[in-house]
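Hi everyone, thanks for making time. Let me put the structure up, and then we'll walk through it together.

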Amino acid sequence: MARNGKVSVIGAGFYGSTTALRLAEYDIFETVVLTDVIEGKPEGLALDLNQSRWVEGFETKVVGQTTGPNGEGYEAIAGSEIVVITAGLPRKPGMSRMDLIETNAKIMRAVAENIAIHAPDAVIINVANPLDEMTALAQIVTGFPHKRVIGQAGMLDTARFTHFVAEKLGVPVGSVTTLTLGSHGDTMVPVASACAVDGKPLADLLSADEIEELVVRTRNGGAEVVALLKTGSAYYAPSAAAARMAKAVHEDSGLVMPVCAWVDGEYGLSGAYLGVEAELGREGIRRVVETPLSDAEKALLVEAYEAVKAKQGDVKDL
Ligand code: APR
């Protein structure tokens with residue numbers, strides 16, 4: 001596919017800058033815009049990224065832009081087909097993602113208002129935490145159709161689950177299939193029945209206790225990294241997940257990925273952002289795909305839905 005179009009990344013911290021790097025290195029966009037409220041930070045990172053182009057062999061240009069408290073500088077994102085929102089505080093050790101809600105909601109409001117003004121046709125991919133709630137808030141503030149506002153969590157949680165299974169069995173990650181649905185938090189639903197290694201069900205290779213251990217580690221996958229880093233949260237695997245989603249949208253690929261999407265009757269659930277599998281294309285979510293689940297997994301998904309729906313009901317007041 002020819003190089004074309006513009007993708008913008010809001011927030012030039014660890015998550016945003018690594019996402020911009022991956023998007024630029026795909027060499028499929030004409031422009032990657034990176035913005036932040038810290039004067040000079042996005043410009044400096046963009047210059048550095050552009051200077052890596054000759055070494056890495058890509059032509060995509062990265063544009064850095066500082067934005068002001070009244071939306072100054074947001075003209076830079078005009079015409080974006082995709083906007084990835086990474087602006088917001090990350091967790092510190094001992095914090096839950098929910099502890100970030102008030103601070104990150106204020107940031108999200110400011111960012112989403114400007115996206116609605118300057119990139120009204122964009123597909124939004126939100127990664128700011130708490131994920132499900134901030135994705136819901138981005139949709140409320142922009143007023144964009146639900147299918148054009150997506151959250152990134154399931155790809156990351158699935159990648160973590162896959163890594164743990166591969167490590168446990170000593171096999172290449174490429175031979176492992178896993179899946180997580182539900183929320184990006186306590187009610188994450190790692191779908192053991194959909195897990196396989198070279199087509200063999202995971203349940204034939206590991207005991208129920210061993211699988212449960214990996215499920216628990218996956219659910220706490222973000223916190224494990226935060227506890228080790230002490231000063232912030234994960235960004236290599238998260239940015240890989242977000243960038244792949246943006247690529248799928250840009251290429252109108254129809255790839256099915258676990259993402260945070262608006263459910264409207266699927267699994268008998270409606271009116272909330274929830275981790276489900278969905279087909280991605282140029283319009284954002286083409287359709288939510290219902291994955292076959294065991295009764296126990298379905299019950300956990302309903303539990304996750306009830307938890308996120310209750311919290312999302314309150315985000316409009318934040
Ligand atoms: N507009 C643009 N950028 C902003 C704004 C804003 N209104 N407010 C804060 N930022 C920027 C900060 O200046 C900082 O550069 O967001 C960036 C956040 O970067 P980091 O602190 O490095 O955090 P990061 O690890 O990138 O995480 C960002 O992703 O995983 C989630 O929980 C995490 O919500 C957090 C987000």
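So, which residues lie nearest the centre of the largest pocket? They are Thr 86, Ala 87, Gly 88, Leu 89 and Pro 90, out of 45 lining residues. A quick word on the model: it's predicted, so local features need pLDDT of at least 70 and side-chain atom pairs count only at pLDDT 80 or more, while totals for chains, interfaces and linings use all residues. Residues are numbered from 1 along each chain as its sequence is written, and side-chain values use heavy atoms, with hydrogens and water left out.

By pocket I mean, on a 1 Å grid over the protein atoms alone, an open set of points where a 1.4 Å probe fits, with protein on both sides within 12 Å along at least five of seven lines; lining residues have an atom within 4 Å of a point.

The ligand takes up the space of this largest pocket, where sitting in it means more than half of its atoms lie within 2 Å of the grid points. Around the ligand are 22 residues, counted as near if a heavy atom lies within 4 Å. Phe 14, Tyr 15, Asp 36, Lys 41 and Thr 86 are the closest.

Now the polar contacts, which are N or O pairs within 3.5 Å. Ligand oxygens sit 3.0 Å from a polar backbone atom of Phe 14, 2.8 Å from a backbone N or O of Tyr 15, and 2.6 Å from a side-chain N or O of Asp 36.

Conventions. A polar contact is a pair of N or O atoms within 3.5 Å; within protein, one must be able to donate a hydrogen and the other to accept it, and residues adjacent in sequence count only if both atoms are side-chain atoms.
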